[in-house]
Amino acid sequence: MISRREKVAYGLGDTASNLIFQTVMLFLAFFYTDIFGISAGTVGTMFLVVRLIDAITDPLMGLLADKTNTRWGQFRPYLLWLVIPFAVCSILAFTTPDLGATGKVVYAYATYTLLMLAYTAINIPYSALGGVLTKDPDERVSVQSYRFVFGMLGGLIVTLLTLPLVDWFGQGNKAQGYQLTIAAMSVLGVLLFLLCFAGTKERVHPPHDQQLNFGSGLKTLWQNDALRTLAIVAVLLLIGIAIKNTLAIYYVKYYLMREDLITTFVSIGMVGNILGCALANPLTRRIDKVQAYKALQIIAAILSAAAFFVPASQLTLAIVLYFFWSFFLQMATPMLWAKIADVVDFGQRESGLRANGLVYASVVFFIKIGIALGGAIAGWWLAIYNYQAGQAQTEHTQLGILIAFTWLPAIASLLVAWVMRGYTLNRARVQQIARELEQSA
């Protein structure tokens, strides 16, 4: 059993990650269109193009982490080495130099690319660390529940404080406000990553005679059918989440017509996220996590689609549906990440190679593809429906925002539930694999 203190320490790493990740998910598109002055279509394309780089960097980072061997372990050292570069890149991405139209686009591409590279370099080892804290398949859900509760607390800090801090730091200059706000978030993130590094211990190690290279690593990934299923799930799931999170501000400001409630709306959703993550572990102790995961996706889809039929005047109902969508969808998140550790065990049983970093890098890569596609679709969707930044929107544009905010995430969740029909690593099979690996060690 892992102590509660260590689980909290691991979770603080995700608090640090989410101080940046949730700011990017919730505010970066709005920052680019309404503060920096880049068109929505250009932003959507940039979100997709920059993520293509991850096709190279993610597996390379995973392999590098798998081949790392220090007195601090395989994955923990990267939290120490890369925390400052990650903070600097975050600040640069929310900085607005005085440039022409082309210069702004070039600067946005360059700094967003640096931010994503830094995020890859620190987050893949951090994610893989969660798979080597314990061998117990059930305890893994508990570890991931702590991770995402604390991760969503980071998100709650973002939703509650970002816009008030922008106003306070900016004093009427929103560009300066965003830059100083992300700087403050980054300093806090540095401290939390260091606490995560100091408070965790790696316990699951690869076989001593393991010879893992890029070719053998990719081969074992390709042969892992459970990993292929999770990769598809990751893309579909994050498309839906990215669309909804990207458009939440637009939905509140331009459909509900309550710009003053943006912070309240997204913060209530984040509270739903936290409560959902906290209840994942009790749920999976009673219900197999594969079956629970599929059911939660269907519930989330129904709640998201139902919001389409809520008129703008029914503000309370809109908030309630958003809260419960967040609650049920995020209850499934620790289950997904616990399944990734199960997939690592399955791959080791099948091939003899334990590729923690590569497996987590693969799933993180497909998560990023989902985020990129979701962000791109959101930007393109706004452009198709003639969104004009900072102006009153037409009924046609309002309808477009509503459709994307409600129906597209619902469709994504239904597709996730359908794909999970082919996933076979249920509780009984995972426990059997764990026993076999223990006996062969």
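These legends describe close-up views of a predicted model. Residues are numbered from 1 along each chain as its sequence is written, and side-chain values use heavy atoms, without hydrogens or water. Local features need pLDDT of at least 70 and side-chain atom pairs count only at pLDDT 80 or more, while totals for chains, interfaces and linings use all residues.

**View A. The largest nonpolar core.** This core has 155 residues (buried Ala, Val, Leu, Ile, Met, Phe, Trp, Tyr and Cys joined through side-chain atoms within 4.5 Å; buried is under 20% relative accessible area, exposed over 50%, partly exposed in between, with a 1.4 Å probe and protein chains only). Y32, Y112, Y250, Y251, F265 and Y293 touch the most other members. Helix 9 (residues 225-255) gives the most, 21 residues (helices are DSSP runs of H or I, at least four residues, numbered from the N terminus).

**View B. Surroundings of Y251.** Beyond neighbours within four places in sequence, Y251 is in contact (heavy atoms within 4.5 Å) with L256, F265, A318, I401, L402 and F405.

**View C. Helix 2 against helix 15.** The axes (lines fitted to C-alpha atoms over the stretch in contact, with angles from 0 to 180 degrees between N-to-C directions) of helix 2 (residues 40-52) and helix 15 (residues 356-384) come within 7 Å and cross at roughly 165 degrees. Helix 2 is therefore roughly antiparallel to helix 15 (angles over 145 degrees).

**View D. Q171 in its loop.** Q171 lies between helix 6 (137-170) and helix 7 (174-199). This residue is not a glycine, yet has a positive phi of about 50 degrees. Q171 is exposed, at 62% relative accessible area.

Technical notes: Helices (H or I, at least four residues) and strands (E, at least two) are DSSP runs, numbered from the N terminus. Angles under 35 degrees count as roughly parallel, over 145 as roughly antiparallel, 65 to 115 as roughly perpendicular and the rest as oblique.
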